[in-house]
Amino acid sequence: QVQLVESGGGLVQAGGSLRLSCAASGSISSINAMGWYRQAPGKQRELVATVTSLSINYVDSVKGRFTISRDNAKNTVYLQMNSLKPEDTAVYYCNANLKIRIGGRPYDYWGQGTQVTVSS
């Protein structure tokens, strides 16, 4: 079994910062990519940022404000969020695309979600 455990959400004023963490544990052979998605009330889940061994990608709305990083030794991904805006309010979900055995196909796993609320 694979588990993704997130932490670091909360309530912050506009202009403030938060740092999210997500640790993957369990039967993991290799991780292709890790990332963060978010879902605001009444909206579809959207990609926020992803990181692989080759690239980092951000949705346009967070470029210059959010930074994603990854600690491969700890199977952990972080999202540093600065200059937060009320429109960043959402439940943030961690995602990992990984293999549970050598030569197997990769699967997507999700964390339980952490609430980020930015007040104006």
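**Figure 1. Cys22 and its disulfide partner in the predicted model.** Cys22 is buried, with a relative accessible area of 0%, in a model that is predicted. The sulfur atom of Cys22 is joined to that of Cys94 in a disulfide, with an S to S distance of 2.0 Å, and a search of the whole structure finds 1 such link. The two cysteines belong to distant parts of the chain, since Cys22 sits in strand β3 (residues 18-26) and Cys94 in strand β9 (residues 90-99), 72 residues apart. About the S-S bond the angle is -80 degrees, and the link of Cys22 and Cys94 is left-handed.

**Figure 2. Ile28 and the residues that it touches.** Ile28 has its place in the loop between β3 and β4. When residues up to four places away in sequence are left aside, Ile28 touches Val2, Asn75, Leu98 and Lys99.

Figure 3. Asn75, one of the residues touched by Ile28, lies in the loop between β7 (66-71) and β8 (76-81). Although Asn75 is not a glycine, the phi angle of this residue is positive, at about 50 degrees. The relative accessibility of Asn75 is 25%, and the residue therefore counts as partly exposed, given that the partly exposed class lies between the buried limit of under 20% and the exposed limit of over 50%.

Figure 4. With a relative accessible area of 42%, Ser83 is partly exposed.

**Figure 5. Lys43 and its separation from Leu98.** Lys43 occupies the loop between β4 (30-39) and β5 (46-52), where the residue is exposed, with a relative accessible area of 58%. Along the chain, Lys43 and Leu98 are 55 residues apart, and 27 Å separates their C-alpha atoms. Leu98 is also among the residues that Ile28 touches.

**Figure 6. The chain as a setting for the close-up views.** The chain contains 0 helices and 11 strands, so that its elements, read from the N terminus, run β-β-β-β-β-β-β-β-β-β-β. The radius of gyration is 14 Å, close to the 14 Å that the globule rule gives for 120 residues, and the chain is therefore as compact as a globular protein of that length. Taken along the principal axes, the box filled by the C-alpha atoms is roughly 50 × 25 × 25 Å. Of the 120 residues, 40% count as buried, and among contacts with a separation of 6 or more, 56% are made by residues 24 or more positions apart. The chain exposes about 6,500 Å², of which carbon and sulfur atoms supply 48%. Its side chains include 12 positive and 7 negative ones, the centres of the two sets lying 6 Å apart.

Key
Residues are numbered from 1 along each chain as its sequence is written. This is a predicted model: local features need pLDDT of at least 70, side-chain atom pairs count only at pLDDT 80 or more; totals for chains, interfaces and linings use all residues. Side-chain values use heavy atoms; hydrogens and water are left out. Helices (H or I, at least four residues) and strands (E, at least two) are DSSP runs, numbered from the N terminus. The radius of gyration is taken over C-alpha atoms; the globule rule is 2.2 Å times the number of residues to the power 0.38. Buried means under 20% relative accessible area, exposed over 50%, partly exposed in between (1.4 Å probe, protein chains only). Contact means heavy atoms within 4.5 Å. Accessible areas come from the Shrake-Rupley method with a 1.4 Å probe; for residues, only the protein chains shown count as cover. Lys and Arg count as positive and Asp and Glu as negative; His and the chain ends are not counted. The place of a charge is taken as NZ of Lys, CZ of Arg, CG of Asp or CD of Glu. A disulfide is a pair of cysteine sulfur atoms within 2.5 Å.
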